Amino acid sequence: MGKTTGILNYRQLHTHEIYANLEYPAEDEEVTRLLQFIGDTNNPEISRDGFQNLSARVEYLKNETGGAGYMCELMEREWNNGREEGRKEGELFHLIDQVVKKRDRKITVEGIADALEEEEVMIERILLAAARAGSNEVQEIYACLQ
């Protein structure tokens, strides 16, 4: 990972992401041109040889009515997904906060689970994460849950 050139592929949970360092040329001339294109898709001086399909797709998505509509839908869907993830994370932060407060009042795992209407296994996970974190800070406990 400490390399300054090239492309890093990353696959997780059925998504495929490519991280590219646009500051340095790659060892391959075609990859270098591709990285330049990614960095400046509007530059007509960059040769598209070898990635004409990508170039045409970018042109469509940026400049055609159908492509712009698709990008708007995609951005809205991603924005909504982000909001949903944020909601879930916020709910978990709140749960962690409540578990810590009840633990500090010496309430048992069973009592906390009953009071918060949560599964005991989840309460135990939070308490173990809190012990690993060595802290009552919600963000630190959350990090140990991951």
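Asp 97 is partly exposed, with 26% relative accessible area (buried is under 20%, exposed over 50%, and partly exposed falls in between, using a 1.4 Å probe and protein chains only). Asp 97 pairs with Lys 101 in a salt bridge, with the closest N and O atoms 3.2 Å apart; a salt bridge here is a side-chain nitrogen of Lys or Arg within 4 Å of a carboxyl oxygen of Asp or Glu. This is a predicted model, so local features need pLDDT of at least 70 and side-chain atom pairs count only at pLDDT 80 or more, while totals for chains, interfaces and linings use all residues. Residues are numbered from 1 along each chain as its sequence is written, and side-chain values use heavy atoms, with hydrogens and water left out.

**Overall layout**

- The protein comes to six helices and two strands, where helices (H or I, at least four residues) and strands (E, at least two) are DSSP runs numbered from the N terminus.
- Going along the sequence, the pattern reads β-β-α-α-α-α-α-α.
- Of the 146 residues in the protein, 22% are buried.
- Take the contacts (heavy atoms within 4.5 Å) with a separation of 6 or more: 22% of them join residues 24 or more positions apart.

**Salt bridges**

- Glu 84 and Arg 87 make another salt bridge, at 2.7 Å from N to O.
- Both Glu 84 and Arg 87 belong to helix α3, and they are three residues apart, about one turn of the helix.
- Glu 84 has 35% relative accessibility, so it counts as partly exposed.
- Arg 87 is partly exposed as well, with a relative accessible area of 40%.
- Arg 103 and Asp 104 also join their side chains in a salt bridge, 2.8 Å from N to O.
- Arg 103 is partly exposed at 27% relative accessible area, and Asp 104 is partly exposed at 42%.

**Lys 102, a buried charge**

- Which helix holds Lys 102? It's helix α3, covering residues 65-104.
- Lys 102 is buried but has no salt bridge.
- The nearest side chain of opposite charge to Lys 102 is Asp 97, 9.6 Å away (Lys and Arg count as positive, Asp and Glu as negative, with His and the chain ends not counted).
- Setting aside neighbours within four places in sequence, Lys 102 is in contact with Ile 107, Ile 112, Ala 115 and Leu 116.

**How α2 meets α3**

- The axes of helix α2 (residues 52-63) and α3 come within 5 Å and cross at roughly 80 degrees; axes are lines fitted to C-alpha atoms, for helices over the stretch in contact, and angles run from 0 to 180 degrees between N-to-C directions.
- On the α2 side, the contact is made by Arg 57, Tyr 60, Leu 61 and Asn 63.
- On the α3 side, the contact uses Thr 65, Gly 66, Gly 67, Ala 68, Tyr 70 and Met 71.
- These contact residues split into five nonpolar, four polar and one charged (Ala, Val, Leu, Ile, Met, Phe, Trp, Tyr, Cys and Pro are nonpolar; Asp, Glu, Lys and Arg are charged; the others, Gly among them, are polar).

**Loops with positive phi**

- For context, most residues other than glycine have a negative phi.
- Lys 106 isn't a glycine, yet has a positive phi of about 65 degrees.
- Lys 106 lies in the loop between α3 and α4 (109-116), and is exposed with a relative accessible area of 71%.
- Glu 117 has a phi near 55 degrees, again a positive value in a residue other than glycine.
- Where does Glu 117 sit? It's in the loop between α4 and α5, and Glu 117 is exposed at 73% relative accessible area.

**Val 121 in α5**

- Val 121 belongs to helix α5 (residues 120-133).
- With 54% relative accessibility, Val 121 counts as exposed.
- Val 121 and Val 109 are twelve residues apart in sequence and 8.9 Å apart in space, C-alpha to C-alpha.
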